[in-house]
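Please keep the picture in view while I talk.

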Amino acid sequence: MPGRACDAACGYAVMTRLTRREWLGSCVSTAISASAAGWARDARGDAAKRVLTASDVHVSDYPTVAAIRWMGETIERESGGKLAIRVYPSGALGRETDTIDLTRFGALDITRVNFAALDEAFPATRAMALPYVIDSTEHLRRAVDGTAGARIRRSFERRGLVGLALYDSGARCFYNRVRPVHDPRELAGLKIRVPPSDIFVRLLRAFGANPTPLSYGEVFSALQTRLIDGAENNWTTFYTSRQFEVARFWGQSRHSYSPEALLMSQRRFDALSSNERQLILEVAARSVPYMRSLWDKQEAESRAAVEQAGVRVSEVDLDAFKRAAAPVVEAYLRDPELAALYRDVRAAA
Ligand code: GTR
């Protein structure tokens, strides 16, 4: 996938020259004008067409972005051209944490983010992001398709969001530029980037590493400039972000399968007709198997490409990782509501 580094970075390159407040302000106005343009067309009469605006931090052909694009095309066809989606990839509309707020307040119609960016505001998501709660992609899919997935999706409604779909994100593993890692003790002292999530911060502390929360778009240059020694993510992200060019050691820790959420603004959803709402929900459900087929292919291709590029992949002592992570899980499970949901997720193992 040539040219991806630039694609991935361009939404954030601007940020180095702007303060965070200026950056967020510009995202808000881009999102609002993108959304407003779509909705304004509706007022013109016969040629009415609503174009919903969607955001994703990944590059244009990443499986999540491709799934949203597929949804947009399907919705446009099945609504007779009245409703469509325009997706802005590569973080052009902002960081995940920012787009969640923009969507809640109705400045953005749809955002696709990882559970790791949701776990503070939506604690039910923790049940699928906690370390070692999920054993495999098959397990994740069963949990997402079952009662636990349905309950987590409903929990988004409490704070202004509609959970349209939950997508795969593969196994997150550690990688770094310093040394091979087989055991959590080998992470000790390394500065490891984590997403903005307490779960991940606590987990890295439990492993003796120095967790460094950064937004996704900042990771590649932080690795390059040695601000961090490593990070953790799935094969597809490791490859498409080109982080593998800098971090040459990958350890198969599989510590989290924290899934992806496709979320719509409740306000914007409520402003649609009931037929349109129904269509969006149905097509979102149909986008899940579509995304999964793209995911399986892309994950395998990404791993092969990374290995071919010479990244050293090592198996790890999984029991040692699970033992070191256990106190973090126990601390979260003191919350009885979360513990019940966690048991539901484990029952799908
Ligand atoms: C990826 C996920 C992104 C983003 C990223 C991160 O796996 O698909 O949405 O959350 O991880 O670590 O920031």
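This is a predicted model: local features need pLDDT of at least 70, side-chain atom pairs count only at pLDDT 80 or more; totals for chains, interfaces and linings use all residues.

G251 is found in strand β9, where helices (H or I, at least four residues) and strands (E, at least two) are DSSP runs, numbered from the N terminus. Residues are numbered from 1 along each chain as its sequence is written, and side-chain values use heavy atoms, with hydrogens and water left out.

Is G251 buried or exposed? With a relative accessible area of 3%, G251 is buried, and by that word I mean under 20% relative accessible area, with exposed being over 50% and partly exposed in between, for a 1.4 Å probe and protein chains only.

What does G251 touch, if we leave aside its neighbours within four places in sequence? The residues in contact with G251 are C173, F174, V181, S314 and V316, contact meaning heavy atoms within 4.5 Å.

**The five-stranded sheet**

Let me turn now to another part of the model. Five strands form an open sheet in the order β2-β1-β3-β10-β4, with mixed pairing. β2 (83-88) and β4 (161-167) stand at the edges with a single partner strand each, so one side of each is left without a neighbour in the sheet. Ignoring direction, neighbouring strands of this sheet are turned by 25 degrees against each other on average; here axes are lines fitted to C-alpha atoms, for helices over the stretch in contact, and angles run from 0 to 180 degrees between N-to-C directions.

Within the sheet, strand β1 (residues 50-55) and strand β3 (residues 110-114) run parallel and are joined by two bridges, and S55 stands opposite T111 in β3. Helix α4, residues 96-104, packs on the sheet and touches β1, β3, β4 and β10 (260-265), its direction making about 145 degrees with that of β3. α12 packs on the sheet too, touching β1, β2, β4 and β10, and its direction makes about 20 degrees with that of β4.

**A helix pair**

How do α6 and α12 lie relative to each other? The axes of helix α6 (residues 137-145) and helix α12 (residues 274-308) come within 13 Å and cross at roughly 165 degrees. The two are therefore roughly antiparallel to each other, a label used for angles over 145 degrees, while those under 35 count as roughly parallel, 65 to 115 as roughly perpendicular and the rest as oblique. Where they meet, R141, V144 and D145 in α6 face R292, W295 and D296 in α12 through contacts.

**A few single residues, and the whole**

T64 is found in helix α3, residues 63-78, and at 0% relative accessibility T64 counts as buried. Not counting residues up to four places away in sequence, T64 touches D56, H58, R112, Y167, E260 and M291.

S90, in the loop between β2 and α4, has a positive phi of about 55 degrees although it is not a glycine, and S90 counts as buried at 3% relative accessibility.

Finally, the secondary structure of the protein comes to 14 helices and 11 strands, and 57% of its 349 residues count as buried. Of the contacts with a separation of 6 or more, 76% are accounted for by residues 24 or more positions apart.

Technical notes
Two strands pair if DSSP finds at least two bridges between them.
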